[in-house]
Structures are given as structure tokens and as C-alpha cells.
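Biologist: I am new to this structure and would like to go through it step by step. Could we take it as questions and answers?

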Amino acid sequence: MTVAADSVTSLVQSVDWLTIAPPTITAVVALIVLVADLFVPEQRKQLLGAVAIAGLVAALITLLPLRRGNRATFCLTTDAEACSYTADHFTLVIQLLVLGGALLTALLSLHETRKKLPAGEFWFLLLSSAAGAALLPASRDLATLVVALEVASLPAFALVGLRRGDRLSSEAALKFFLSSVAATAVMLLGVSFVYATTGTLHLTQIAAELDNVPGQLDTLAKTGVALTLVGFAFKTAAVPFHFWVPDTYVGAPLPVAAYLSVVGKAVGFSGLILVTVIAFPGYANVWGPAVAVFAGLTMTAGNVAAMRQSATRAWSAVRLLAWSSVAQAGYLLVPIAAAAYSSDDQIGATVAYALMYAVVNLGAFAVVALVARTHPLNRISDYRGLYATRPLTALAMGFFLLCLAGLPPGIIGLFAKVTVFSSAVDAGLGWLAFIMAVNVVIALYYYLQWTAILFRAPAGAEESADAAPPTRKRAPTPVTVAIVLTAAVGVVLSGYPQLVLRVAASSLF
């Protein structure tokens, strides 16, 4: 029996290599570094760092020809609208954030990999995680979404525990691993329920099928939606799934903690946005109230815990930034909740806030990494008198903290908070806007307290006015470059906030 050739539907999908270039280049460079590590002599391992940075720069450059945001690939031959990889404006902005964050992390890590961390393993793991993080915002089916999420997460476990023989590092990696595995298990169970209900994995098709779920499957569909949300709540460190954050940040190498605070969050929020706004819009009455409650609890718990940090406690500077990142996650959740009550355009506020947060938080971690060279316990009290020894670094740190607080001259932080606040008000979530306003006031306490410490006289200066001026170590050039870059971008954005706020006002999908 023969079948006419024109009656057979081809299952071969076309591949647009330029569209998938950013994550592909990052992954290929990761493999190159892994193989090169076998042949590069120990005294020249720093070349691997240069290769990794060059790869991330190349991946960022490939975003330029995609800037129109109208490309897709790996589409079904039977439905051209159902694609597994889409390079829209949402994808490109998140990829810019992820790859830029990985590049700054690489700069912070150059000094660390000379003595403290195994260079080959570190650069391979960082690039692998960045490749998964760059793939995730482009994923438009649940299978690709889960794979991208795990590719971004699994190398991060190893990065956290890469300081061999360090008990804190091992404990941090274990806590991070166990919490993330639990999140993945819950999320996969939810995904399986959604697939059983709809019979498809593509997000746009899921949305269409969920609008016509038979009555006997409605409970299964709602359970699948809820479990999928819980899985992503773990990834975003939303309360009550946040307990791993402070210990993980303290135990991880500081560049890795910076990476997790920005890129790790971008991964979680990207996945949460994709499944809620694109796949589950018909169940907004399920995930909308849940995300709103998560937002209120998360920002409150994060700010209260940050406010209670003792300035003299070991690693209190990192712990405060860790709890601050939990609070910032609460702000980032607000526009996602608002999208359930109004329109998808609210998502732009989350992306705009994430861009601001990424720049200033990476800058703050860069200063923390610099101070850690002379004060390994990294207490907030160790920053007293920083202006006396490193005036420009102190000014940069003060600027970063004021941006996070939303105070001038950190205009971009103020504008970003107003944008998030407006999204809640416009969606009719007045109670959530009120909780956010209260939390912003609470956060002022610890941000301003740390800022004031930077400019106080060094300890003992009052008693010994004739003492010799404090000494300082020479800052590593890559760390200095990271601080200068983040400060410069922050200043530019504060002078021209419309560069970021345009994202909040445009349709990303």
C-alpha cells in the first residue's frame, strides 16, 4: 500500500539559528571551556576566564539583530502559531538581564578563581547555568521550560558548594539542592496534571484547551495550575518557600551569591510569568489571589528579617542583602498578581523593576566582595568609615543602597517602585498597594542605616585624632570594573529612567 507524498505531513521542524544564538553560543563556549581545561596548564587557567567573558559578550551582541522581537523557531508543522522557542521583546529583555548579570558575575569571579575556586569547573558551571537561564524566557512549551529551568539550576548547586572543605559552603549547597529538588518535584506533578487535562505542552495551546475543560477535569486542572505555581514560588524565594536564601547566600562564594540574587530570580520570575500570563490566563481567579498573597507575605517577611540584622553579626552584610532580595521578590510579584485583574501589560512593570534591581544589586555585591578582602567576616559594622579609605567605593555603595530604597539620587529605584505601586492600584489591589507602601517605609530603616555607617568616622578616630590614616589593599581590577560599570549604568538610568520605564509601558508579548 502506498501513500501519496503530498498527503504526508512533515514532522521536521525548521531551525532559525540566529534566533537561538544567545543560549547556543553560551552553551558552546561552556563546552569549549570544559575541554580546554584538560589541556591548559595550571599557571594559565586565567585564560579560561577570558574565554568565558568573550563568550558572554558574543552572546549579548547576538541580541542586537533580534531587537525587533518578531522571530520564533521550532514551530509545529501543523500549527505555525505553536512554537517552542520565541524571541519576542520579553525574551530579549530577560536575556539581556541574564547574560549581562552573568558577565558581571564573571568579572567578580576572575580574582576568586586564581586561588580560592577551581577555574575550569567554575567557568563551565557558570556558563552552563547562564545558557539555561537564557533559554528559559524563550521557552513556549512546558517541556522546554522545565529543561531550561533545570539546566539553569543544577550547575548553580555545584557553584554554591564549590569551595571544597568549607563547611558553610557544603551546607549552603545542600539546603539549596533540597529546596530546589522539592520545587521541581512539585512543579513536575503540576505539569503532568496540566498535560493530562489539555493533552498538549505548548503554552498557547494549553490556554485554549483550559477554556474548554470538561467539568469532571476542572478540579484536576486547578490542582495542576496551583502545583505549578508552588514550584515556581520555590524558585523565586517567595514566602513561605524562602528559608534557604540567607544560608545559601552566606555559604556560597560572593560572586555566586550575586549571581543567584539576580539571575536566579530572573529565571524564577520568567517561568512564573510565562505559565500564568500565557498558559493559564483562564484560571486567573486561581493564581491571581495566590500570587497577591505571596507578594504581600514575601515583601513583609523579607523587610522585617532584614531590619533585625545585627550590624556586628558575622556575615551580616550578606544576610541583609539576602533578606533584602526576598523583600524585592515580593515587589516583583505585585505586577504579576495585577495582571490577573487587569491586563498582560502589567508584566512590563515587573520586568522594568527587575532591570533596575539587577544593576544596583550586582553593584552592591561587587562592593561587598571588595570589602570582604580586608574583612572576611563581612559585618555591616566593617563598613564604618569606608568613605575615609575608599571614598568612590563608599559613594557607589551609598548610591546602590538608595536605589534599592527608592530614594534620590537613586531616581531609577524610585520610578521603578512607583511603577510597581501603580500596577497594583490600577488593578484594584488597594490592600496590596498599602502593604507595599508600609514595606517601603520599613526598608528605609536598614538601607539608610547602612548608608550612614559608610560615612561615619572610622572606629577609634574620635579618640586618636593624630593617628595615621587608615590603609587599604589595592582593589582587583575586575572588581573595580564591575563597580564602575554598575554605578555608571545606575547613574545613566537615574538620569534617563525612561530607558527602563519604556519597558513597563510597552507590550512585551
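Biologist: Does Tyr447 count as buried or exposed, and at what relative accessibility?

Modeller: The model is a predicted one. A residue counts as buried when its relative accessible area is under 20%. Tyr447 falls under that limit and so counts as buried, with a relative accessibility of 1%.

Biologist: What is the relative accessible area of Tyr446?

Modeller: The cut-off for buried is again under 20%. Tyr446 is buried, and its relative accessible area is 2%.

Biologist: How many aromatic pairs are there, and how are the rings of Phe234 and Phe241 arranged?

Modeller: Ring pairs are taken where the centres lie within 6.5 Å, and the count comes to twelve aromatic pairs. For Phe234 and Phe241 the ring centres are 4.5 Å apart and the planes stand at 35°, so this pair is tilted.

Biologist: How are the rings of Tyr446 and Tyr447 arranged?

Modeller: A pair of aromatic rings is described by the distance of the centres and the angle of the planes. The ring centres of Tyr446 and Tyr447 are 4.5 Å apart. Their planes are at 50°, so the pair is tilted.

Biologist: Which residues do ring pairs link into a cluster?

Modeller: Rings pair by the distance between their centres, with a limit of 6.5 Å. Pairs of this kind join four residues into a cluster: Phe157, Phe176, Phe177 and Trp244.

Biologist: At what angle do the axes of helices H12 and H13 cross?

Modeller: H12 covers residues 316-339 and H13 covers residues 347-371, and their axes come within 9 Å. An angle over 145 degrees counts as roughly antiparallel, and H12 is roughly antiparallel to H13. The crossing angle is roughly 170°.

Biologist: How many charged residues does the contact of H12 with H13 have?

Modeller: On H12 the contact includes Leu321, Tyr331 and Ile336, and on H13 it includes Tyr353, Tyr357 and Phe365. By class there are 15 nonpolar and four polar residues, and the number of charged residues is given as no charged residues.

Biologist: How far apart are the end C-alpha atoms of H4?

Modeller: H4 has 17 residues, 119-135, and 14 of them are buried, so the helix is largely enclosed by the rest of the structure. At 1.5 Å a residue H4 should span 24 Å. The distance between its end C-alpha atoms agrees, at 24 Å.

Biologist: Which residues does Ala284 touch, leaving out those up to four places away in sequence?

Modeller: Ala284 lies in helix H11, residues 284-307. Its relative accessibility is 15%, so Ala284 counts as buried. The residues it touches are Pro289 and Ala340.

Definitions and conventions
Residues are numbered from 1 along each chain as its sequence is written. This is a predicted model: local features need pLDDT of at least 70, side-chain atom pairs count only at pLDDT 80 or more; totals for chains, interfaces and linings use all residues. Side-chain values use heavy atoms; hydrogens and water are left out. Axes are lines fitted to C-alpha atoms, for helices over the stretch in contact, and angles run from 0 to 180 degrees between N-to-C directions. Helices (H or I, at least four residues) and strands (E, at least two) are DSSP runs, numbered from the N terminus. Angles under 35 degrees count as roughly parallel, over 145 as roughly antiparallel, 65 to 115 as roughly perpendicular and the rest as oblique. Contact means heavy atoms within 4.5 Å. Ala, Val, Leu, Ile, Met, Phe, Trp, Tyr, Cys and Pro count as nonpolar, Asp, Glu, Lys and Arg as charged, and the others, Gly among them, as polar. The expected span of a helix is 1.5 Å times one less than its number of residues. Buried means under 20% relative accessible area, exposed over 50%, partly exposed in between (1.4 Å probe, protein chains only). Rings of Phe, Tyr and Trp (its six-membered ring) pair if their centres lie within 6.5 Å; planes under 30 degrees apart count as stacked, over 60 as edge-to-face and the rest as tilted.
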